Structures are given as structure tokens and as C-alpha cells.
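Reader: I'm new to this one. Could you walk me through how to read it?

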Amino acid sequence: MKHGILIVSLLACCLSTNAQFSLYKDGKTVFVYEGMLDSIVFGLPQTQEEEKVPYSYIANPQAHDAPNGYTDACWGAQGKVVTEYYSGINGNNSLQVYLPYGYDENKQYNIFYLMHGGNEDQTKIFGNEVNLQNMLDHMIKNGDIEPMIVVAPTFNKCEAGTFYNELRKSVIPFVEGKYSTYAKSTSDEDIKASRRHRAYGGFSMGAVSTWAVMQNCLDIVAYYMPLSGDHWQGNSGDDKARNLSNAVKQSGLSTHDYFIFCATGSTDIAYPNVSPQIEAMKNYPEFIYTADFSKGNLYFMVAQGKDHWWGYVRHYVCQALPYFFHE
Ligand code: FER
């Protein structure tokens with residue numbers, strides 16, 4: 001070293017194998033290693049990731065209610081629901097953000113945008129009737145899902161079928177600029193790069209908004225949860241399926257880049273609309289029918305005897321959400 005001195009310090013904690021290892025040059029820190037001592041000793045690369053255990057999907061899950069108690073308050077492990085205000089492309093608007101228990105802005109979280117139905121608003125999903133936050137708390141506590149951020153926006157400043165514009169231009173930049181997701185920044189590039197950590201779903205007209213998001217936002221969203229609602233672009237089931245298939249083709253994505261967990265009840269008013277669409281989608285090579293998302297990308301769960309009501313639909317959310325964010 002011609003200039004300055006090189007100081008190497010090794011601070012090993014006596015009680016654990018965690019170590020901090022710093023290199024100083026000219027009085028400046030030029031390198032810091034924080035990690036396991038044996039990683040240093042054996043010279044493993046600093047960026048080594050833990051090996052991911054493959055998720056055990058059920059290929060054809062049958063609808064069932066969430067475990068008893070999931071709809072009740074989860075004392076001691078409750079997340080937080082925050083009301084936010086933003087100025088978007090369709091004017092001033094509001095949305096609600098669920099932050100999981102122990103939310104830490106230094107960590108990164110998967111994010112799920114979940115849309116209300118017709119004649120409802122952004123307060124529906126975390127309001128007294130649906131109380132989805134209770135189910136999310138229990139699911140996280142029980143290890144059904146990783147802690148994640150869940151956003152309840154509204155299409156009431158536009159329409160269900162055009163909300164995708166507000167999602168892309170206003171909602172995602174606002175929410176993910178404020179809360180810690182896998183988006184490194186809110187640049188178009190970073191939002192695209194984090195698409196596998198982003199999901200969108202909705203009930204009824206919210207499902208209509210979901211298919212429209214898939215039609216128009218495949219570049220920024222990988223997981224879709226349309227609940228009790230069909231695609232409103234196209235008349236027949238085959239029209240709707242073809243429009244979605246064409247969107248996929250135009251996106252240049254492969255069949256392992258987007259995943260749809262669709263659900264409704266057998267007596268739901270939307271069933272006769274959704275069912276032919278899904279049957280038609282099965283005829284297009286862009287869609288591979290199974291809930292095992294390591295092998296396919298489309299599943300349709302039908303709950304026997306359930307009609308068009310959030311009280312049933314929230315249980316579909318509980319069943320579908322664990323299938324997301326593993327690919
Ligand atoms: C459907 C999608 C949306 C549907 C109904 C709706 C009957 C919404 C209805 C409403 O909000 O009034 O497939 O099937």
C-alpha cells in the first residue's frame with residue numbers, strides 16, 4: 001500500500017458466530033462484511049443466498065373455510081391498517097394499507113393489491129364486515145404466508161375497467177415509494193424488475209378490474225386473484241380468453257411468468273360468466289391449468305353452494321394467497 005495504511009479489524013461476537021469484518025484505507029471504510037464467521041473462514045461469497053425450499057402446492061385445491069378463529073382478532077400479533085391519501089391521475093384519492101405485525105422498513109415485503117366490488121370503497125376490505133386484517137394476521141402468525149403488505153385501493157375515481165392506469169401511474173408509485181417492497185425505487189424499470197413480488201386481485205367489479213390489470217399490466221404484476229367476476233373485454237368466453245392470451249403474447253412473457261388463482265362460488269351470480277371464460281382459457285397454450293405454479297399458471301376454485309358475498313370470498317383469499325410469491 002503506497003498511500004495510507006490498511007487496517008483490518010475483525011469484531012467477532014463471543015456469543016454467536018456472527019461477525020463484522022471491515023477494511024479501512026486512508027481512514028475510510030472501503031469494505032464491510034457482516035455475516036457468519038464460517039462464511040469468512042471458508043471464503044463463501046458474500047451474496048450467497050439461503051437455498052429456497054420449494055413450496056408444496058396442492059395441484060387442485062378444493063374450497064374450504066379458513067380455520068376457526070381466523071376471522072377473529074389475532075391478539076398479540078396484529079398488523080396495522082393505515083389510511084393514506086394521494087393525488088393521482090384521477091384526482092385526490094384514498095386507500096388503505098395493511099402493514100404486517102412487526103413491519104420493518106429495512107426489510108422487503110411482497111405486496112398484494114386487493115380491490116373492492118361495486119358500490120363499495122377502499123374501506124370495505126379492512127372494515128367491520130370483511131375484517132381481512134384478522135385473517136392476514138392469523139395466516140402470517142401460522143406461517144401460511146410470509147409477512148406481506150396488502151393494499152385496498154378504490155376504482156371510484158374512474159372505473160373498474162380503467163383502474164389499471166391509476167394503479168400503474170399513481171397507486172404503485174405512491175405506496176411503494178412510501179413502504180418497503182421489492183421495488184428498489186419507483187422507476188418504471190424497478191417496478192418491472194419486482195413484478196414477481198406484486199399481486200393484484202379483487203371481488204366482483206374488483207375482479208373485472210383484475211382481468212383488466214392482467215390485460216394491461218403484465219409487465220409489472222405477476223400474480224392475479226380474480227374473485228367472482230369475469231373479464232369485461234370480450235363478449236363470449238372465447239373472446240375474453242383470446243384477449244388475455246394476446247396480451248400475454250404481446251408481453252413476450254413465458255408461461256412461468258404469470259399466475260392466476262381465480263375463484264367463485266357455484267351459486268354466485270358471476271359463476272355463469274367466469275366459468276366459460278376459464279374453460280376457454282384452457283384452450284390457449286398461454287394458460288396451463290393447475291394450482292401447482294411450479295408447473296402451470298391458471299386455477300379456478302369453485303366453492304359449492306356459495307354465492308356473491310365477501311363473507312365467503314374472504315375465505316377464497318385465505319386459500320389462494322399462500323400459492324403466491326414462490327416462483
Ligand atoms: C361478474 C362481474 C362483475 C358479475 C357481476 C359483476 C354477474 C358485478 C356486479 C355488480 O357490481 O353489480 O361476472 O356477474
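Author: Let's go through the cores, the ligand and the cysteines in turn. Keep in mind that this is a predicted model.

Reader: Let's start inside. Which residues touch the most other members of the largest nonpolar core?

Author: The general idea first: in soluble globular proteins, nonpolar side chains tend to be buried together. Here the largest nonpolar core has 49 residues, and Tyr113, Met214, Ile260, Met281 and Phe287 touch the most other members. Take Phe287: leaving aside residues up to four places away in sequence, Phe287 touches Met214, Ala241, Leu244, Ser245, Val248, Tyr258, Ile260, Met281, Asn297 and Leu298. There's also a second, separate core of 42 residues, with Val130, Ala263, Met301 and Tyr316 among them.

Reader: And the ligand? What surrounds the ligand?

Author: Look at its shell, then at single atoms. The ligand is surrounded by Gly118, Ser204, Met205, Val208, Gly229, Asp230, Trp232, Ile269, Ala270 and Asn273. By class, that shell has 5 nonpolar, 4 polar and 1 charged residues. In the side chain of Asp230, an N or O atom is 2.6 Å from an oxygen atom of the ligand. For the side chain of Asn273, such a distance is 2.7 Å. Taken alone the ligand exposes 370 Å², and the protein buries 72% of that.

Reader: How many disulfides are there in the whole structure?

Author: A disulfide is a covalent bond between the sulfur atoms of two cysteines. Searching the whole structure turns up 0 disulfides.

Reader: Then is Cys217 buried or exposed?

Author: Cys217 is buried, because its relative accessible area is 0%. Cys158 counts as partly exposed, because its relative accessibility is 23%, and buried means under 20%.

Methods
Residues are numbered from 1 along each chain as its sequence is written. This is a predicted model: local features need pLDDT of at least 70, side-chain atom pairs count only at pLDDT 80 or more; totals for chains, interfaces and linings use all residues. Side-chain values use heavy atoms; hydrogens and water are left out. A nonpolar core is a set of buried Ala, Val, Leu, Ile, Met, Phe, Trp, Tyr and Cys residues joined through side-chain atoms within 4.5 Å. Buried means under 20% relative accessible area, exposed over 50%, partly exposed in between (1.4 Å probe, protein chains only). Contact means heavy atoms within 4.5 Å. A residue is near a molecule or strand if one of its heavy atoms lies within 4 Å of it. A polar contact is a pair of N or O atoms within 3.5 Å; within protein, one must be able to donate a hydrogen and the other to accept it, and residues adjacent in sequence count only if both atoms are side-chain atoms. Accessible areas come from the Shrake-Rupley method with a 1.4 Å probe; for residues, only the protein chains shown count as cover. Ala, Val, Leu, Ile, Met, Phe, Trp, Tyr, Cys and Pro count as nonpolar, Asp, Glu, Lys and Arg as charged, and the others, Gly among them, as polar. A disulfide is a pair of cysteine sulfur atoms within 2.5 Å.
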